[in-house]
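Me: I'd like to go through this structure piece by piece. Can we start with the helices and then move on to the ligand?

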Amino acid sequence: MMLARLREGGVINPRLLAAMASVPREEFVPPAGRDQAYADRALAIGHGQTISQPLMVAVIVEALEIAEGDLVLDVGTGSGYQAAVIAACGAHVVSVERIEQLAANAASRLALLGYDVEVVAGDGTLGVPARAPYDAIAVGAAAPRLPLALARQLRDGGRLVVPITADDRGEELIRLRTVDGRWLTESLGPCRFVPLVGADAYGGGDAEHADQ
Ligand code: SAH
């Protein structure tokens, strides 16, 4: 049923659909939300955060244009679900989460399920420069503006997919691509996300106090 909904939503990449079919979403939602695990909606995961809606995850991951063996940075691990889908597409994933408890939970869940994901606790707005350059970077929370530090961590030909607050009606999903040292951006349409909080985003400098 979830796959039918994804196809209806315009997702066509067969490797992505197979990846989405293979990742057990119920393992990424709290017990209270398990009966809703395959509904096409975001669900609460604690700390005021959500596991993204499956269609949104699919749209983001499709836009990353992942090739086997790509190195991908996932900003905003949350439950780890999107990181697992990216790994199931054949990528090595570095995933960064600012709320330590969520990072720890996701790290043990992903290891238990056997996904090739390295979880880093910290502010992802500045990326994880030690592992750069990346073939692709996904941001799972809404940024107030284009995160330049992330764009700079892409290799040539790399893709950054990030929701950016357009106005008070919501966010716009933006894809930035590096081509011969230049940045090309395009809009992939409207979307809804929790805010990206950090040094180069909302509430910069207060990240360590915002995790209740
Ligand atoms: N894609 C995730 C859900 C993302 S919700 C999933 O599949 O479950 C967005 C996550 O981004 C939240 O967990 C939030 O804590 C995290 N986040 C917000 N700002 C961040 C930052 N600067 N660095 C890293 N993570 C951040």
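Me: Which residues are exposed on the other side of α2?

Reply: This is a predicted model, so everything here is computed from it. On that side of α2, the exposed residues are Pro-14 and Ala-21.

Me: And which residues of α2 are buried?

Reply: Leu-16, Leu-17, Ala-19 and Met-20 are the buried residues of this helix. They lie on the same side of α2 because the arc they cover around the axis is only 160°.

Me: What covers them?

Reply: The cover over the buried residues of α2 includes α1 (2-8), α3 (54-64) and α4.

Me: What happens at the start of α2?

Reply: There, a side-chain oxygen of Asn-13 comes to within 2.9 Å of the backbone nitrogen of Arg-15.

Me: Ok, where is Pro-31, and is Pro-31 buried or exposed?

Reply: Pro-31 sits in the loop that runs between α2 (14-22) and β1. Its relative accessibility is 64%, and because exposed means over 50%, Pro-31 counts as exposed.

Me: How far apart are the C-alpha atoms of Pro-31 and Pro-54?

Reply: They are separated by 18 Å, while along the chain the two prolines are 23 residues apart.

Me: Switching to α5, how many residues does α5 have?

Reply: Helix α5 covers residues 100-113, which makes 14 residues, and from its first C-alpha to its last it reaches 20 Å, close to the 20 Å expected at 1.5 Å a residue.

Me: Which residues of α5 are buried, and which are exposed on the other side?

Reply: The buried ones are Leu-102, Ala-103, Ala-106 and Leu-110. Their arc around the axis is only 95°, which puts them on the same side of α5. Glu-100, Ala-111 and Leu-112 are exposed on the other side of the helix.

Me: What do the buried residues of α5 pack against?

Reply: They pack against β1 (43-46), β2 (49-51), α4 (81-88), β4 (92-97) and β5 (117-121). Just after α5 comes Gly-114, which takes a positive phi of about 85°.

Me: Now the ligand: which residues come nearest?

Reply: There are 25 residues around the ligand, and of these Ser-79, Glu-97, Asp-123, Gly-124 and Val-197 come nearest. An oxygen atom of the ligand is 2.6 Å from an N or O atom in the side chain of Glu-97, and a nitrogen atom of the ligand is 2.7 Å from a polar backbone atom of Gly-124.

Me: How much of the ligand does the protein bury?

Reply: Taken alone, the ligand exposes 580 Å², and the protein buries 100% of that.

Note on methods:
Residues are numbered from 1 along each chain as its sequence is written. This is a predicted model: local features need pLDDT of at least 70, side-chain atom pairs count only at pLDDT 80 or more; totals for chains, interfaces and linings use all residues. Side-chain values use heavy atoms; hydrogens and water are left out. Helices (H or I, at least four residues) and strands (E, at least two) are DSSP runs, numbered from the N terminus. The expected span of a helix is 1.5 Å times one less than its number of residues. Buried means under 20% relative accessible area, exposed over 50%, partly exposed in between (1.4 Å probe, protein chains only). The arc is that of the directions from the helix axis to the C-beta atoms. Contact means heavy atoms within 4.5 Å. A residue is near a molecule or strand if one of its heavy atoms lies within 4 Å of it. A polar contact is a pair of N or O atoms within 3.5 Å; within protein, one must be able to donate a hydrogen and the other to accept it, and residues adjacent in sequence count only if both atoms are side-chain atoms. Accessible areas come from the Shrake-Rupley method with a 1.4 Å probe; for residues, only the protein chains shown count as cover.
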